[in-house]
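Hi everyone, thanks for coming along. Please bring up the sequence and the model on your screens, and we'll walk through them together.

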Amino acid sequence: MKYLVLILCFFNINFMISQDLLLEAESFDDTGGWVVDPQFIEQMGSSYLLAHGMGEPVKNAKTEVNFKKDGKYKVWVRTKNWVPGEWEAPGKFQIKVNDVLLENTLGLRSGWGWEYAGAIQIKNKKNVLELVDLTGFNGRCDAIYFTTSDNEPPSSLKKLTAWRKTVVMEPLAPEVTKKYDLVVVGGGIAGCAAAIAAAEQGLQVALIHDRPVLGGNASSEIRVHTLGIYGNFERILKKLDTEHYPNGSPEAHKDQIKRDNNVKSYNNISLFLNWRAYDAKAVENRISYVDARQTATGERIRFNAPLFVDSTGDGWIGFWAGAEFSYGRESVDEYGEEWKEHGELWSPKQPDNAVMGSSVLWRSYEVEQKVDFPKVPWAMPVAKDYAKVKGEWQWEFSRNDLNQIDDAEEIRDHMLRAIYGSFANAKKQPENANRKLEWVSYLVGKRESRRLVGDYIFTLNDAKTGRTFPDGVVEETREVDVHYQTVLEDEKNPDFISEALFYKTPKYYIPYRSLYSKNISNLFMAGRNFSTSHVGLGGPRVMRTTGQMGAAVGFAASLCKKYEVDPRDIYTGYLDEYMELIEKQKYTPIPDSKK
Amino acid sequence: MKLIVVNILICGLGFLSTQKLVMNYNGDGQDRGITKKPEYYAMEWQDGLALNNKATPFYIEVEAMGNQNVDMLVTDLQRPVLYTADICTPVCADGECRLMYLTLYWNLLGAYVGFDKVEGQALTKHDHVEFVEQDYEKLHQLLLDDNSILKRRKIDELVSKPKEPQLDGVDAIAGATIAEVKESVVDGALYSCYVAWNIANGPIKAELQKYTASMFDEELKNYMLMSREVDYQMYALNSLRESEYMEHKDRIAQIFRESIPLVRTYIVQNLPKLFWETDSLQIPFWASFAEVDINNRSLLLNHIQKAPVEVLVSLAGNLELMTKNQLKLYLSAIENTVKTNPDINAQLLRFAESGNHTYAYIVTEFLEDLE
């Protein structure tokens, strides 16, 4: 329905000049085999449709388009060639209007921008538009623009953003506002746990998540199993966690159903699936609202609340609100986190912007007959001669010129090249003649990005010494496990394979003070974006631990509501009551229905 | 000082920690030595090198077998080169024990670097079949991996059967998989591999490194700095005072060009400020731009604002090597130079118009914005 609004808005303004229509690809009536990819909105401007067919062209995406005026329209498509070079572009596609293929093949240009698809004579009001994938290798379409003028829409992101606003005529603020006691942004394990804990204490909670399913890295879309202990929150976390199946296993679907059903069973959790937050406004260091957009339709809602939880993983809410954050590795002396045995790999003498990388998991399976896999010359500069039939956690990519947030699309694409290239190499081996790709994630499974700064910064030393805290609400026994890229030790290694360094620790604790922002007074954080050093993150970044963080802030939020105070006040004024509430969770029986 | 290795560790009780007792070694090392490269060896060996045993205060105690001395191997001029020990240890599995003989070698930082077989004492597998050449080589590779999965698993965890369902017939344990263990150990000789790894990479490592540190002098520092062993390079670099960077500037630039990314990173991150303030000192590092890895190119580019014009010109010939963000960094640095420098301008045009470079469009947009 979105494009109708666009037409009306546009025609009001430009009727006399030309006939134009902007159609966002993600709002197609039927996306066919294309998937909506909202991961890189902040970098390239919008959700887009991705032809993720693992080498087999996907089913056409289809939508009805209403034109007000007949005429000859030029058709522009915002797209990009995701691996430009001396080979055929991997992600090619075409546009079909009313069963007529437009002349130009698309997906050929370097960098996001507009490509000319061809011209079409529109004779009827109702028209059918299709995206025709030609390769199955991740062609991408952000938007389609029909115009009777000769002007090409602007490609540079700055100009495009301004142009889009002009065309769409979208008011600055969302027209719908909703109010809650607590707004949780990010429906990974931490966000879900926060929502449940707060909801159980009677709060009205909004849980905003940009995917159709909950769980983030643990979801059936990314498929990392949950690790760590339950701490005080076994009852809640058992509703959300996974079995210890291999990373990438289809068994993730079973846990997905459990998780989604459990969260949906709370009447006072308003679940906003496929909604992605895009702004947060703080006045005098206090967040007034978070704005979010439906990833396909583009509808917007403003969320008001006295309290917010940033469980976005990337710390977006904190970032937009102006919260202090850190990124990269501290110097070894900053917090005294040396591990002599592993020297610079563990903690460098000088601070730098290196972080643990992102994974894209995948797997293949045996079929009864021989099956071919296309040639993928565009993948070989990354895969080289590496040959594999599945990818576990070691399939991880980080490089110091790439920011895990700003360059996430390039990181994901690098991993796709690694996967397709390695599988193509494996397919050359006779024993893999019947191997077929079963599943390749297109979502980046991040380990580390922004870390919001709280009143306390958790470090390796807290884990090493098993330091106890009066507000120790999260507990863990899992070793601190920091990854590095093996290419740092030997340039012959693939640059997408990592190694883990395990530091054994006693049981350790994370204080509540690491779970709310130092300078944004009503912001909690839970998940990998909690207040920690780079090395400190090595242990508690796994998902039962981050789930404990979520539950802990959910309960804190309930006391904030009860006494109308901010997160810090719970530590300074209500700690006994808070810790009693946390302690009590240990003994709250698990209802049979949730076992 | 003694280091205890007990054979019961393979029954799942694990290592006893290093215990420092009395320094009571009265070794007979001086009569022995080696004149040829160990059969399995990861370091360079200089032709004609002859090394003599020299006693150290260390021994490895193997339960039921007594003390096994650790010697230093030194040149005729008494320069330390390696550490070595003749190991005889029981390997027990399923109630049956046999002896394993190996001569192990460690470098001066205590890292395992190689072994020799003991004559007449071939290693055997569980079924008494003798190791073949590939098995010895695999054992060597395993011992070289100081971060092996054997480090963090007890023996019983390595042999336990997977509880998880077998998905499409492959080993399907998550994280540290049984398959991963199989890949790295000699087939049928898990127990021998486990015992050997824990001796070679056990507490002795830290003790030997400490011992070397206690005798670390200028000569040893220079030896390590000049070495092609990356561990030695890193150790020597770590010991340099700021003033010494100047003294060794040529060698440091050479290491930067030739070593592994990790060592290069240490160099570029720790070069004294003076290097980036002095054209002649920084140019040798920029000269390696095309030869070093992507991460180190990024670290060099962090200093581009202080680079002399000749570096900017030379980098213009290497635009195809730059990643997107590196290119952006470079372009922002030449914004003011490009109009007055025809060489850079010509290189930008060449790159933008070549038609087959991934990021040519970035240069095209940059040139358009300049107009």
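Let me start with a question: at roughly what angle do the axes of helix α10 and helix α13 of chain B cross? Before I answer, please keep in mind that we are looking at a predicted model.

Okay, find residues 261-270 of chain B, which form α10, and residues 294-301 of chain B, which form α13. Their axes cross at roughly 5° and come within 9 Å. Two numbers like these are what we use in general, since two packed helices are described by the angle between their axes and the distance between the axes. Angles under 35 degrees count as roughly parallel, so α10(B) and α13(B) are roughly parallel to each other.

Who makes that contact? From α10(B) we have B:P261, B:R264, B:T265, B:V268 and B:Q269, and from α13(B) we have B:N295, B:N296, B:L299 and B:L300. Sorted by class, four of these residues are nonpolar, four are polar and one is charged.

Let's zoom out to the whole of chain B. This chain has 371 residues, and 35% of them are buried. You can count 17 helices and eight strands in chain B. If we take the contacts in chain B with a separation of 6 or more, 61% of them join residues 24 or more positions apart.

Chain B is also split by its domain assignment, with domain 1 covering 3-207 and domain 2 covering 217-370. How many residues of domain 1 of chain B touch domain 2 of chain B? Five do, and they meet four residues of domain 2. On the domain 1 side of that meeting, three residues are nonpolar, one is polar and one is charged.

Now over to chain A, and to its sheets. One is an open sheet of five strands in the order β14-β13-β12-β18-β31, with parallel pairing. At its edges are β14 (269-273) and β31 (523-525) of chain A, and each of these pairs on one side only. Neighbouring strands here are turned by 20° against each other on average, direction ignored. If you'd like one pair to look at, take β18, residues 307-310 of chain A, which pairs with β31(A) in the parallel sense over three bridges. In that pair, A:D310 stands opposite A:M525.

Which residues of chain B does A:D401 touch? They are B:I294, B:S298, B:T323, B:N325 and B:Q326. Is A:D401 buried or exposed? A residue with 20 or more other C-beta atoms within 10 Å is buried, and A:D401 has 21, so A:D401 is buried.

Let me finish with some backbone angles. Most residues other than glycine have a negative phi. A:R223, however, has a positive phi near 70°, and A:K384 has a positive phi of about 50°. A:R223 lies in the loop between β13 and α5 of chain A, and A:K384 is in the loop between α9 and β22 of chain A. A:R223 is buried, with 29 other C-beta atoms within 10 Å, whereas A:K384 has 16 C-beta neighbours inside 10 Å and counts as partly exposed.

Conventions. Residues numbered from 1 in each chain as written. Chains lettered and ligands numbered in written order. Predicted model: local features only at pLDDT ≥ 70, side-chain atom pairs only at ≥ 80, totals over all residues. Domains from an automatic or database assignment. Contact = placed C-beta atoms within 7 Å. Nonpolar A, V, L, I, M, F, W, Y, C, P; charged D, E, K, R; others polar. Buried ≥ 20, exposed ≤ 12 C-beta atoms within 10 Å, placed from the backbone. Pairing = 2+ DSSP bridges. Helix = DSSP H or I, 4+ residues; strand = E, 2+ residues; numbered from the N terminus. Axes fitted to C-alpha atoms, helices over the stretch in contact; angles between N-to-C directions. Parallel < 35°, antiparallel > 145°, perpendicular 65-115°, else oblique. Lists of a residue's contacts leave out its neighbours within four places in sequence.
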